[in-house]
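Here's a quick briefing on a ligand site and a strand with its neighbours. Have a look at the model first, then read on.

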Amino acid sequence: MRRIIVLCVVFSWVVNSHAQNYDELKVPAYTLPALLKTVAGKSVNTVSDWEKIRRPEIVSLFEDNVYGQMPKQFDSIRFVVGNDIKNVMAGRAELKEIQINVWKNGKRVSIHLIEFIPNSRRKAAPVFLLINNRAPDRTDPTRAIKAQFWPAETLIDSGYAVAAFHVSDAAPDNADHFQDGVLQLYPEQLTMPNGMKAIGAWAWAASRIMDYFEQDQSIDAKKVMVVGHSRGGKAALWTGAQDKRFAMVFANCSGNTGVAIARRQYGETIKKINSSFPYWFCDNYKKFNDNVDSLPVDQHMLVSLIAPRPLYTTNASKDLWADPTGSFLSLNEVEPVYALYGKKSNLSKIAPAQGDAIIASVMGYHIREGIHDLTLFDWVNFIRFANYHIPKMK
Ligand code: GTR
């Protein structure tokens, strides 16, 4: 009996992993939903029409069909500084650890924020906030473990504050427990077909951290950059789309339901992601498992919600699962939205060579040699992109 079960599991894995398409010639013909046309069919040619009509329409379409609602009401929020050490990293930084406690209807969620602030700063510092979806030790506040996933010393030495929270505080990353965080405050979301799920909860938590930054004197709250890798990259994009207080977004290898065009069905598909991670997106999203062409959005529309703010995205050469070609295409599609604001992006028509980065552009990009990961190479280019844009911000 045991052997039969094992054989069935192996068989379904083989069938499933081969069901994905990696052949560019087999990408189906598709038509993307128009970015600059309202639901009522009106062309959008001005920032005012974009901001008043089209952008809110796109946000609602993503809420109802993909990421779920973003509840904004709660009863109270408190920031408790648990740890404050003025001189860490051999005197180069201050470490603060803060509990962000949010209450609603007698329930509480508590997000633990780790924050290093450069001691070299003369003014409030711009900050990189990482949504950590990997092992908690990747953002070790003691620095006994120094991971490339969050190279805090490199960021401090470049003059940036660096912060992180772990997704498990907001919504544990598994089907049995994702409701044990933020969703305790909003239980009604769990039964709504367009209700918030895990990725929405991670983005919600990032916004509560923004609430904290707005009253931390050492942080420049007008220069908060949200960073995420893979599923964290999807959450970083949704954070920036929902909350315009974030000045910049960095989505590393975000792939399907990140920046990659879903209709290409190359690598990971909507059906695949919904069956592997049914608790990430709203239930309505599953309606498109076998019918991606009827989805009223595609991921270039998520990218458009970051405009006119700078956005940097990446791919890795061996990470075909995340569809590098479809990810770069998505950025190209959004140039007309930045153009409404008079912002020209300097993207090439085809992706740059491996290891080259597009920095001097409102949308930046690189494809790194190697596997699906967030590495020092990625961060070094994030810093270059921030160095290019931050001095231009008020
Ligand atoms: C994969 C998933 C991707 C991506 C990735 C990750 O299993 O299919 O969409 O989120 O996990 O987070 O590394």
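Ala-251 sits opposite Thr-313 of strand 8. The model is a predicted one: local features need pLDDT of at least 70, side-chain atom pairs count only at pLDDT 80 or more, and totals for chains, interfaces and linings use all residues. Residue numbers start from 1 along each chain as its sequence is written, and side-chain values use heavy atoms, with hydrogens and water left out.

**Strand 8 and its partners**
- Strands here are DSSP E runs of at least two residues, numbered from the N terminus, and two of them pair if DSSP finds at least two bridges between them.
- Strand 7 (residues 248-252) pairs with strand 8 in the parallel sense, over four bridges.
- Strand 10 (residues 363-368) also runs parallel to strand 8, joined by six bridges.
- Ala-316 has Arg-368 as its bridge partner in strand 10.
- Six of the six residues in strand 8 (residues 311-316) are buried, meaning under 20% relative accessible area (1.4 Å probe, protein chains only).
- Leu-311, Thr-313 and Asn-315 point one way from strand 8, while Tyr-312, Thr-314 and Ala-316 point the other way.

**The ligand site**
- Glu-268 has a side-chain N or O atom 2.4 Å from a ligand oxygen.
- For His-372, a polar side-chain atom lies 2.8 Å from an oxygen of the ligand.
- Trp-321 has a side-chain N or O atom 3.0 Å from a ligand oxygen.

Definitions and conventions
A polar contact is a pair of N or O atoms within 3.5 Å; within protein, one must be able to donate a hydrogen and the other to accept it, and residues adjacent in sequence count only if both atoms are side-chain atoms. Buried means under 20% relative accessible area, exposed over 50%, partly exposed in between (1.4 Å probe, protein chains only).
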